[in-house]
Amino acid sequence: MSVLHVSSWGFLIALGRVWLRPFTHQVGGHAGIMCYDKTTICKPLVSQEQVFYESLPADLRPFTAQYKGRNLWSGITMKVILCTFEHVMLRAKYAYLCGFFYCRSNGCIKVSSFSINLVQDSDTAYQMEDPNGNKNDIQERNSHNPWGLHCLRTLLSHMTSEFTENKLFRFVLLENVVSQFHQPCILDLKMGTRQHGDDATEEKKKRHMKKCEQSTSSSLGLRLGGMQVYQAKSHHFHCRDKYYGRTLTEEGFQQTLYHFLHDGHRLKKELIDPILQKLLCLKSIIERQGSYRFYSSSLLIIYEGKHQSNSNLGHQKRSPAGYSTEPPPSTMPKVDVRMIDFAHTTYKGARNNTTTYDGPDLGYIFGLQNLIHILRKIKDGD
C-alpha cells in the first residue's frame with residue numbers, strides 16, 4: 001500500500017498521481033476552482049463553456065484564458081475521493097486502475113462535519129469586508145481569499161454528498177491567468193445589462209433581471225463580482241465579494257474602482273493607461289463579434305501588487321497626510337485583462353442555441369464604455 005502525504009499547500013483530490021490544490025485567488029463566481037499545476041486551474045466542466053473555448057474566435061484568444069482541455073486532457077474525468085472524518089485527520093481512499101492509493105493529512109487540512117479549514121500557505125493575509133463595513137474574524141482573514149474558500153467548501157460538500165464508487169466528475173483545464181503575478185490584485189466585473197442565459201427558467205430569469213435592475217448592471221452595464229487588492233502598508237489583501245457589489249450605486253462603484261487602484265500608500269495612476277489600452281482593444285474586438293452574447297460572463301482586471309522596497313519608499317515625496325505624491329521609479333506596470341465564465345454565452349452555431357442574435361453584444365459594449373469613462377475620470381482626478 002502506498003502512502004501519500006499531503007503537502008503544506010493542502011492537496012485535496014487525486015487525478016492519477018496528480019494532486020489538486022486550492023486556488024487561493026478566486027474572488028468571484030460560484031464554482032470552486034483548484035490548481036492542477038502552477039500555470040493551470042481546473043473548474044467543473046459545463047459543456048456549453050467547453051464548446052465555446054473549442055470554437056473561440058482567434059481575435060478573442062488574447063483576452064481569454066488558454067484552453068487546455070483538449071487532446072491529452074479533453075474534458076478531464078475525475079473520481080472524487082471518499083472522505084471519512086477522524087478528529088482532524090482527512091483520510092482519502094482513491095480508486096486508480098489496478099489498486100488504491102491512500103493519503104493522509106499532516107494537519108494542513110482539518111475536517112470536522114464537512115467544515116474545511118485550510119492552514120495559511122504564505123505570510124499574506126486576506127481581509128473581507130461586508131457591505132456594512134464589518135471585517136471577518138482573524139482566523140478566516142489569515143487563511144485564503146474568503147470567497148474562494150467558500151466556493152471550495154461548497155464544491156467539496158457537493159462532491160462528497162454525491163459520491164458513489166463509480167461516480168465521475170468532469171473538469172475543464174484552463175490557464176491560470178494570475179500565475180505570473182506575485183501579489184495579484186484582481187477585479188472581477190459582471191459585464192452587460194443582462195445576466196441570464198437563453199436557457200434560464202422563468203423563475204431564474206426574473207431573479208436575475210431583478211438583480212440587474214437593483215444594481216449598477218442596468219445603469220452602467222457593470223457590477224462588482226469580487227475584488228482583492230494588496231495593501232502594501234498592512235501586507236494583506238483587502239477583499240470584497242459579490243454581495244458588496246450588489247449594494248453599490250454608480251458613485252460607490254467608482255469609489256470601489258478607485259480603491260482597487262490604491263495600494264494603501266497612493267493611487268497607482270501608472271496602471272490606468274495600460275489598462276485603458278487593453279480595454280479599448282477589447283472593445284474594438286467585441287464590436288466585430290456578430291451574433292455573440294456574453295451573458296453572465298465576467299471581466300478580470302489584474303495587476304501586480306508586489307510593492308517596491310521600503311528603502312525606495314523613503315526617498316519619495318510625501319503629502320502632509322503621509323501618502324506618497326510621486327510614483328515609484330519608472331517600470332513597466334504588469335497588467336492583464338481577461339474575459340471569463342462562458343457557461344451562458346451564445347452565438348450563431350452554438351450547441352442548443354435557441355435564439356440567434358444579429359450584431360455585437362451592445363450590453364457588453366455599454367459596460368466597457370462606462371468602465372473606460374470611469375477610469376479616465378479617476379486618471380484626471382475628477
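Ring pairs tie Phe52, Tyr53, Tyr67, Tyr292, Phe294, Phe342, Tyr347 and Tyr364 together into a cluster. The structure is a predicted model, where local features need pLDDT of at least 70, side-chain atom pairs count only at pLDDT 80 or more, and totals for chains, interfaces and linings use all residues. Residues are numbered from 1 along each chain as its sequence is written, and side-chain values use heavy atoms, with hydrogens and water left out.

So what counts as a pair here? Rings of Phe, Tyr and Trp (its six-membered ring) pair if their centres lie within 6.5 Å; planes under 30 degrees apart are called stacked, over 60 edge-to-face, and the rest tilted. By this rule there are 14 aromatic pairs. Here are two of them, each with members in the cluster:

| Pair | Type | Centre to centre | Angle between planes |
|---|---|---|---|
| Tyr292 and Tyr347 | stacked | 4.8 Å | 15 degrees |
| Phe294 and Phe342 | edge-to-face | 6.5 Å | 65 degrees |

Both pairs link distant parts of the chain. Tyr292 sits in the loop between α8 (272–286) and β17 (298–304), while Tyr347 is in the loop between β18 (335–340) and α10 (362–380), 55 residues apart. Phe294 is in the loop between α8 and β17, and Phe342 in the loop between β18 and α10, 48 residues apart. (Helices, H or I with at least four residues, and strands, E with at least two, are DSSP runs numbered from the N terminus.)

Tyr292 counts as buried because its relative accessibility is 10%, and Tyr347 is buried at 7%. Phe294 is buried at 1%, and Phe342 is buried at 0%.

α8 and α10 pack at an angle of about 160 degrees, with their axes 10 Å apart; axes are lines fitted to C-alpha atoms, for helices over the stretch in contact, and angles run from 0 to 180 degrees between N-to-C directions. That makes α8 and α10 roughly antiparallel (over 145 degrees; under 35 is roughly parallel, 65 to 115 roughly perpendicular, the rest oblique). The contact (heavy atoms within 4.5 Å) includes Leu276 and Leu279 of α8 and Tyr364 and Leu368 of α10. Tyr364 is also one of the cluster's rings.

How values were computed
Buried means under 20% relative accessible area, exposed over 50%, partly exposed in between (1.4 Å probe, protein chains only).
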